[in-house]
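Please examine the structure displayed below before reading on. The paragraphs that follow move from single residues to the whole chain.

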Amino acid sequence: MTQLTAESVKAHNADPALGVLARASFAKTEVGKDIVKASKEAAVFFFFGDRGTGSNDGLYEQVSADVIFDVIALTSKLDFEIDGCGYEIFPSSSLFDGAEDYLIAMLFDFQQRVQVVMTDAALKAADIAIAGSGCSGQNVLDVLVPDYVDYHSAEDSTEWAWIEERASYAHKANGREDGVWEFFLNVAHLEHDLETGPVEVPSSLSEPIRAALAGGYGYILFHQGT
């Protein structure tokens, strides 16, 4: 569970570095993982040319762009081996000829910038989806439900049913018991349920909900880590 101190939460808007915590939590979600992958692909295509536009088409047919990014990150080289096969990727501009280290540094910087922009946009979209929440998209408490609830299947869990019923934004189900199951809940609404709601809050979930209230969070992301 990602936690900020009350003082840190108050300083959030004044200190943009605290947004890193929200982005790190979001990166663990299914949508966040897709964003990380897309940002790596965008960086590779920007510096080495998109599919069908340069000399790297043969490589793209054999190795996905996000894997190419990861290998460059591990080796700091533009020529590398994967499973015993040698590959080399070429920059799309002659401006980078003979400047491999500089190009790789820019590749990493570009990827990070794209990931931040895409993540902030996704969090903003979550804010919009939470009608009337009035909270910051970066003010999210990340809760891994299996840490609090013992269950076999999310679909058969009474706690997950309670979460889903109150969700302002849902992303769920992909045909697997351990599949995608993510819900954003408005903390202001949960405060009402916790104190005076007609349906009792499951005791196993009261701890993270109270932590969100005490920490000044705008909403909670309940998920099961997949």
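F45 is buried, because its relative accessible area is 15%, and buried means under 20% relative accessible area, exposed over 50%, and partly exposed in between, judged with a 1.4 Å probe and protein chains only. Y60 is likewise buried, with a relative accessible area of 9%. This is a predicted model, in which local features need pLDDT of at least 70 and side-chain atom pairs count only at pLDDT 80 or more, while totals for chains, interfaces and linings use all residues. Residues are numbered from 1 along each chain as its sequence is written, and side-chain values use heavy atoms, with hydrogens and water left out.

What kind of aromatic pair do F45 and Y60 form? Rings of Phe, Tyr and Trp (for Trp, its six-membered ring) pair if their centres lie within 6.5 Å; planes under 30 degrees apart count as stacked, over 60 as edge-to-face, and the rest as tilted. By this rule there are nine aromatic pairs. The pair of F45 and Y60 is edge-to-face, with 5.2 Å from centre to centre and 90° between the planes. It links distant parts of the chain, since F45 belongs to helix α3 and Y60 to helix α4 (residues 57-62), 15 residues apart. Helices here are DSSP runs of H or I with at least four residues, strands are runs of E with at least two, and both are numbered from the N terminus.

A further pair is formed by F46 and F47: their ring centres are 5.0 Å apart and their planes stand at 80°, so this pair is edge-to-face. F46 counts as exposed, at 51% relative accessibility, whereas F47 is buried, with a relative accessible area of 6%. Ring pairs join F46, F47 and F110 into a cluster.

Leaving aside residues up to four places away in sequence, A42 touches F110 and V114, where contact means heavy atoms within 4.5 Å. A42 counts as partly exposed, because its relative accessibility is 29%. From A42 to F69 the C-alpha to C-alpha distance is 9.9 Å, and the two are 27 residues apart in sequence.

How do helix α3 (residues 30-48) and helix α5 (residues 65-75) pack? Their axes are 8 Å apart and meet at an angle of about 80°; the axes are lines fitted to C-alpha atoms, for helices over the stretch in contact, and angles run from 0 to 180 degrees between N-to-C directions. That makes α3 roughly perpendicular to α5, given that angles under 35 degrees count as roughly parallel, over 145 as roughly antiparallel, 65 to 115 as roughly perpendicular, and the rest as oblique. On the α3 side the contact is made by K37, K40, E41, A43, V44, F45 and F48, and on the α5 side by A65, D66, I68, F69, D70 and I72. E41 is buried, with a relative accessible area of 17%, and touches A65 and D66, not counting residues up to four places away in sequence.

Finally, the chain as a whole may be considered. The protein chain contains nine helices and six strands. Buried residues make up 42% of its 226 residues. Of the contacts between residues at least 6 apart in sequence, 66% join residues at least 24 apart.
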